[in-house]
Amino acid sequence: MELVEKVVQVGGVSVVTLEGGAGRPLLMLHDELGFPGWMRWNEVLAADRRFVVPLQPGFGRTPRVDWFESVRDVGAFYARMLRESGLGPVDVVGFSAGGWIAAEMAASDPGLFERMVLVAPLGIRPAQGEILDFLAITMRRHVMATVSNPNAQELTTMYGGGISPEQFELFEAARAETSRLAWEPFMFDPTLPHRLAGVRGLDTLIIWGEQDQVAPRGCAEAYQQVIRGARLEVIPGAGHRPEIEDRDRFVELVSEFLQTRLPDHQLSGRKTSVRVN
Amino acid sequence: MQFNYITERPYRGLTEDQIYEHGSFFTYPNSAFDAQRGSDDYNAYLDEAVLAEQVGFDGVALNEHHGNPFCMGAVLNVEAAVLARITERVKIVLIGNPIPVSRNPLRLAEELAMIDLISKGRLVPGWVRGSGPEQFFNNINPAYNRELFEEGHDVIVQAWTRPGPWRYEGKHFHYRHVNPWALPFQKPIPPTIIPGFLSRETAQWAVAHSYPYLGLGGPLKPNADLSDFYADEFAARGLQAGPENFGHVVFVYVDETTERAQEIGRALLFAGGNANFAKAQHTLPAGYNSPAAIKRLASVPQGGWLGVTKERLDEEKVDIKAASIAESRRRTAANYQKMQENLQIVVGTPEEVTTKLKTVLRCLRPGMLFLMSPFGNVSNEDRRRSIRLLGEQVLPPLRVEAQRLELTDMFQRAPGSVALAPGQPRAPVVDRIAIDKHNATLVA
């Protein structure tokens, strides 16, 4: 699949956006390390959906927006992007801090989204345990902490495979911007659950890998509790990246939730996951 | 020429093995802290400053680190306040207050004004960004470190110089009532110095404010390159830099015999700046450096100061144990020799040390020299003997040499007071021939 790079103007900022696939648009908000690359799960869903992947300002490709002070600001910025591009209401899938951004957008304007998928979302303080302080470990260790299995398929091809000086530079940009936005409190906003509690009528699927070392289970559960009708699916064996660690189950859950038609061969080999209501 | 005594305030209750095994000073569990030991150490270092004054030093300097047993000086203004009262003549040089870490520049302005008043005008403030661990310890967002530093500095200088009361609404700081009652003894502001470790960004900032730059270490040539960079930037402002614009730190231990000095001087390596005693994830918090600087670090296979090497950036484990303790010891020993050859560390008898420090003065032409005592578990007796030998046998010949080299300091001639005529090339600020000559002896 060929990824097309576009530049979208938002409030004078040139947002680099990647697009791939065909069909109804699906907004993808990448995690705090940046866009990890076009993975097999993207490929499968792209048969029926057109991915729209903005590269977060300050992460190396899209310039930094100097008025950003919080993840809420990023959400407001992306909300403007959606309104001005006429894209919404749209389905969204957000990973980790990208899930937090999606939640901020939903909290301010649920009408932006048709359906929302939050994968191992950060942004709400877990009742138990703490979000991994990934700014207190080296970049390499941070990347490795996102999977439960260091031999996970596709891990070696993520972020261009290996850690070159250029990739270090991009990681540093991503981590610096994340630090700017969420150093304190670290990776959560205590007001977010209260703001989300008022949201009605937004179909939400939360996916969490049972071996997640970055986001404790309490993060996912907190979202489920505050978003009315949200469904939580726990994938056994997977870490913070269920989309590569148990791709089949991940694709199955997401495609079903987003009512996406899969290529025939993807429907075989179903695995189990635990549905939590 | 101004000679300053400085020491980290090492906690002398931990062995090298303990630090090697833990992998760093920072994060060493404070359950190992013994209050009696800490009390004795703090008092011993204050007494040393008094001794330094007695034996002829012109200044005593302080720095600060947080949560770090190699430097117990966590709030240097507390110690500076004590020195303001128990010393009489020496300058009290702060190298320096980490502005971002304080979170409250107006309070810093008040603290320093009090110290300057109590010392009757002997304070030399210095401003730093604070190293990586300082950001973690105080939970200061490293991505805003430089902004906090620059804005905080401006708040302090304004608080000292602009008649109050006034209101301040900045980006990071906001005050509805700026009107500190106690203002500095020295006008318009106390003479200020900016420490840095070969940082061009910091040197550039110092130039913009006509502050002298204090090189915190490193070999001769990189320091000379930094001085030339500073002097070029200064010249671009139409000003001639001189020795009054530069300070330099050397790690020093003096004893009666070469053998004893070499043995005890090893403790000069037992400090947090040594790559074997610091961890990259604390040294380089996200956003503290530019992404381009990280890329440069990731491209250089060696390196090693401040705990940062390519290997460490690429480290998979949180606990860095890539090298065995034996290997770390071997590296530390190799560094000891190399840093002596580079004149970063100078140990020996008074004669040996004098000869080497004269070379440093000739090569780098600083107006201020800072002589740093050993870290680690060196006894009071040994430490005080070194200070005495420095004052009585090393400083006198160095003063003669400084006079010969016309090394004016910032108190004799204000940095930025010498104008450069338009089109006139600036005069040299370092002696490249002397540096080449010294470096040639290393190759041989």
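Figure 1. Helices (H or I, at least four residues) and strands (E, at least two) are DSSP runs, numbered from the N terminus. Helix α7 of chain A spans residues 217-226, and A:Cys219, A:Ala220, A:Ala222 and A:Tyr223 in this helix are buried. These four lie on the same side of α7(A) because they cover an arc of only 160° around the axis; the arc is that of the directions from the helix axis to the C-beta atoms. A residue is called buried if 20 or more other C-beta atoms lie within 10 Å of its own, exposed if 12 or fewer, and partly exposed in between, with C-beta atoms placed from the backbone.

This is a predicted model, in which local features need pLDDT of at least 70 and side-chain atom pairs count only at pLDDT 80 or more, while totals for chains, interfaces and linings use all residues. Residues are numbered from 1 along each chain as its sequence is written, and chains are lettered from A and ligands numbered from 1 in the order in which they are written.

Figure 2. Find A:Met187 in the loop between α5 (165-182) and α6 of chain A. Its phi is near 65°, a positive value in a residue other than glycine. A:Met187 is buried, with 27 other C-beta atoms within 10 Å. Now look for A:Asp133, in the loop between β6 and α4 (139-145) of chain A. A:Asp133 counts as partly exposed because it has 13 C-beta neighbours inside 10 Å.

Figure 3. Most residues other than glycine have a negative phi, and most peptide bonds are trans. B:Lys120 has a positive phi of about 60° although it is not a glycine. You will find B:Lys120 in the loop between α5 (105-118) and β5 (123-124) of chain B, and it counts as exposed, with 11 C-beta neighbours inside 10 Å. B:Ile95 and B:Gly96 are joined by a cis peptide bond, with omega about 0°; B:Gly96 sits in the loop between β3 (91-94) and β4 (97-98) of chain B. Another cis peptide bond, also with omega about 0°, links B:Gly164 and B:Pro165. B:Pro165 belongs to the loop between α7 (145-161) and β7 (166-169) of chain B.

**Figure 4. The side of chain B that touches chain A.** Chain B gives 23 residues to the contact, and chain A gives 23 residues. Two residues are in contact if their C-beta atoms, placed from the backbone, lie within 7 Å. On the chain B side, the elements giving two or more residues are α11 (280-283) and α12 (291-299). The largest share, six residues, comes from α12(B). Sorted by class, this side of chain B has 13 nonpolar, five polar and five charged residues. Here Ala, Val, Leu, Ile, Met, Phe, Trp, Tyr, Cys and Pro count as nonpolar, Asp, Glu, Lys and Arg as charged, and the others, Gly among them, as polar.
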